[in-house]
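Open the structure in your viewer and keep the selection tool at hand. This tour goes from stop to stop, saying what to select and what is there.

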Amino acid sequence: MSSGEKTRQAIAAQPDWLSGVPTDRRLPAGRMLLTGCGTSFHAAQTGGHAVQALELVARPERDADLLVCVSHEGSTQMTVEAARAWGGPIWLVTGAPASPLADLAEEVVVCAPEIETSWCHTASYTAAVAALAALRGEDVSWLPAAVAGVLNGPRLPVSEHERWLVVGAGRDWPTAQEAVLKLREGAHVAAEALQTEQLLHGYLAAVDEGVRVFVLEGEGRAAERAHDAVAALGEIGAEATLVPTRHPVVDVVSFQLLTVDLAAARGVDPDPIRRDDPRWASAREAYS
């Protein structure tokens, strides 16, 4: 299989995966808390109030009635620890019907048809986000066609910048974080995510013409500030693109495509997220 083929296949499979997301269940009434790690934590943030799994382990007493764990394989150690530390009922959104987390959960929502084989997770992310939306009663039937439209549409441009920045607010903040994670994992570039207002309050000082910036537009007041951010970035010579947004499932796909395009231009294989290099393999083996 050629370099990056697993990631490209997963990206292309997203309309099919999204068509199979379960829509027959609803979250119970009450206060909900979500958790996860990495990509799954970004997905969790699209569902409501979320806390990273280690933070929940450190302080499990939270003002919530239900914990929703997000974990593609259901075996992420810190998410398992968070679930064990939690004192109440647990639901799980996952790609695996049987797992350590599934054993702890009262409800297991299997949102993906298989376990994604690329370590640079794409389809498993959008499937989890769509499943969380469906659990809240949102109509997700339009998402497969919308994602197909992005897959067949114009792509964000590749460039030779060494520093990358994705900016967003509100519903777009999880997308900004996930977009940056894909760029870091898949293309090995120095990328960071910033909240729109934070960029305008100090962080702008470390941005210059050497940074490639994408500003997620959002809606309402967030959109107004996104336009302000683009104007400010233009004044300092940074190449900034305002990216219209619709939904976290749809919006991240452009950055998934940018990741594989940028990886190809840099001669990087996005599939193993650098675990094919002995140093990064040893680093991963240094912790569980």
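Which residues is Thr79 in contact with, leaving aside its neighbours within four places in sequence? Select Thr79 and look around its side chain: Thr79 is in contact with Thr35, Gly36, Cys37, Ala53, Cys69, Val70 and Leu101. Contact here means heavy atoms within 4.5 Å.

Before moving on, note that this is a predicted model, in which local features need pLDDT of at least 70 and side-chain atom pairs count only at pLDDT 80 or more, while totals for chains, interfaces and linings use all residues. Residues are numbered from 1 along each chain as its sequence is written, and side-chain values use heavy atoms, with hydrogens and water left out.

**Stop 1: Thr79 and its helix**

Thr79 sits in helix H5, residues 77-85. Helices (H or I, at least four residues) and strands (E, at least two) are DSSP runs, numbered from the N terminus. Thr79 has a relative accessible area of 0%, so it is buried. Buried means under 20% relative accessible area, exposed means over 50%, and partly exposed lies in between (1.4 Å probe, protein chains only).

**Stop 2: the cysteines**

Now select Cys69, one of the residues that Thr79 touches. Cys69 is buried too, at 0% relative accessibility. How many disulfides does the structure hold? It holds zero; a disulfide is a pair of cysteine sulfur atoms within 2.5 Å. For Cys69, the closest cysteine sulfur is in Cys37, 9.6 Å away, which is too far for a bond.

Select Cys111 next. Its closest cysteine sulfur is that of Cys69, at 13 Å, again too far for a bond. Cys111 has a relative accessible area of 3% and is therefore buried.

**Stop 3: helices H1 and H13**

Two packed helices are described by the angle between their axes and the distance between the axes. Select residues 5-12, which form helix H1, and residues 253-266, which form helix H13. These two helices pack at an angle of about 160 degrees, with their axes 11 Å apart. Axes are lines fitted to C-alpha atoms, for helices over the stretch in contact, and angles run from 0 to 180 degrees between N-to-C directions. H1 and H13 are therefore roughly antiparallel to each other. Angles under 35 degrees count as roughly parallel, over 145 as roughly antiparallel, 65 to 115 as roughly perpendicular and the rest as oblique.

Show the side chains of Thr7, Arg8 and Ile11 in H1, which meet Gln256, Leu257 and Val260 in H13. The residues of this contact divide into three nonpolar, two polar and one charged. Ala, Val, Leu, Ile, Met, Phe, Trp, Tyr, Cys and Pro count as nonpolar, Asp, Glu, Lys and Arg as charged, and the others, Gly among them, as polar.

Stay on Gln256 in helix H13. Is Gln256 buried or exposed? At 2% relative accessibility, Gln256 counts as buried. Leaving aside neighbours within four places in sequence, Gln256 is in contact with Ile11, Gln14, Thr122 and Thr126.

**Stop 4: helices H9 and H13**

The axes of H9 and H13 come within 9 Å and cross at roughly 25 degrees. That makes H9 roughly parallel to H13. On the H9 side, Ala179, Lys182, Leu183, Gly186 and Ala187 take part in the contact. They meet Phe255, Leu258, Thr259, Leu262, Ala263 and Arg266 in H13. By class, this contact has seven nonpolar, two polar and two charged residues.

**Stop 5**

His188 is not a glycine, yet it has a positive phi of about 60 degrees.

Move to the loop between H13 and helix H14 (278-285), where Ile273 is placed. Phi of Ile273 is near 45 degrees, a positive value in a residue other than glycine. Ile273 is buried, with a relative accessible area of 16%.

Arg274 is found in this loop between H13 and H14 as well. Arg274 counts as partly exposed, at 29% relative accessibility. Not counting residues up to four places away in sequence, Arg274 touches His188 and Trp280.
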